[in-house]
Amino acid sequence: MLSLQGDAVDAINPSVELTEAERIERLRLIRSDNVGPRTFRSLVDHFGSARAALERLPDLARRGGAARSGRIYSADEAKAELAASRKFGIAWRAPGEDGYPARLAMIDDAPPLLAVRGDTKTLMRPMIAIVGSRNASGAGLKFAGVLAQELGEAGFVVISGLARGVDQAAHRTSVGSGTIAVLAGGHDCIYPPEHGDLLAAILDHSGAAISEMPLGHEPRARDFPRRNRLISGASLGVVVVEAAHRSGSLITARMAAEQGREVFAVPGSPLDPRAAGANDLIKQGATLVTEAADIINAVQPIMERPLMHPAGEPDSEPFESDPQGHDRDQITGLLGPAPVTIDDLVRMSGASPAIVRTVLLEFELAGKLERHGGGLVSLL
């Protein structure tokens, strides 16, 4: 079986080191109302810094129709959060800094700051995600462990979501070789609670844990898909061992495909509903896996390619300083509860991409817009 040579690193050398002031400003912006990772990126790309973007938030929200501007996270709150994180052994890292997985930084909704605990060297190594059913079969649990062990022996880090079932089996088997737990809540809000000992073992054996949530944040249902995009985004590929229809593991697989990651699936019995989702992935073109070599052979050529900037709206595309009323009305009329692509909005409205992007940003900061995967947007 192929293996990595030496201490392989899945990144170029880190080239960014934020000042404490820049870290505070970034945290303030991402914690402010109606600012998500994509909005953060658009604001910083356009205004040049988080500080400049913070100054413009009230005006942009007003132009989007907000009765009052959203709450802006204060500098004192940001300083207190960073201080509490340091006491917990957490470092908040930005894309390009040491400890921020390089492939995660490439997705279009990468967290502007990532809460990192553990060995940063492990976070810079090539990763394979293993996910699957929480109520997996004995055979599924055993095979997840076999894959994790063999991938670890080949030099890969196993990344998963610390959930019951397949996630747990993959983490436990790869503790010695390096594994990363991606948390849906804050670092002090482990879910499920009984996996606190597993997380401690991971951190004690040169593993790591990552989250984008603040301390004290208890994970909610909507936080798990957000977590899943981090699992797939940080990895070369996602392996689904067992997954029922409409399971969280299939959401992770879909996100992996949207992010340009490899999708792998372990076949299971057609009579077992826990294997139905994985079997469907194979029908849809996922790589069938019966041994770790199937995964390694598929990702080796990918590792030889340079990391590419994420697809999506170009950073150099400007905003319109103040869209005219008729342009705003035209775009508003095309929006509704059904998602529509930004490209379609440009085509149907006749407005420039810059105007469309500006109006959408204003609506988002006013709390009226929802962004979906694949460049889709809808009104709330």
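Where is the place of leucine 162? Leucine 162 is placed in the loop between β4 and α8 (166-173), where helices (H or I, at least four residues) and strands (E, at least two) are DSSP runs numbered from the N terminus. This is a predicted model, in which local features need pLDDT of at least 70 and side-chain atom pairs count only at pLDDT 80 or more, while totals for chains, interfaces and linings use all residues. Residues are numbered from 1 along each chain as its sequence is written, and side-chain values use heavy atoms, with hydrogens and water left out.

**Overall fold**
- The protein chain holds 16 helices and twelve strands.
- Its radius of gyration, taken over C-alpha atoms, is 21 Å, close to the 21 Å given for 380 residues by the globule rule (2.2 Å times the number of residues to the power 0.38), so the chain is as compact as a globular protein of that length.
- Of the 380 residues of the protein chain, 51% count as buried, a term meaning under 20% relative accessible area, with exposed over 50% and partly exposed in between (1.4 Å probe, protein chains only).
- Among contacts (heavy atoms within 4.5 Å) in the protein chain between residues at least 6 apart in sequence, 73% join residues at least 24 apart.

**Strands and sheets**
- Strand β4 (residues 157-160) pairs with β5 in the parallel sense over three bridges, pairing being assigned if DSSP finds at least two bridges between two strands, and isoleucine 159 has isoleucine 180 in β5 as its bridge partner.
- Strand β5 (residues 179-182) is covered on both faces, with Thr179 and Ala181 buried on one side and Ile180 and Val182 buried on the other.

**Backbone exceptions**
- Most residues other than glycine have a negative phi, and most peptide bonds are trans.
- Leucine 162 has a positive phi, near 65°, and is buried, with a relative accessible area of 0%.
- Asparagine 34, in the loop between α1 (20-31) and α2 (37-47), also has a positive phi near 65°, but at 35% relative accessibility it counts as partly exposed.
- The peptide bond from tyrosine 191 to proline 192 is cis, with omega near -5°, and proline 192 is placed in the loop between β5 and α9 (196-204).
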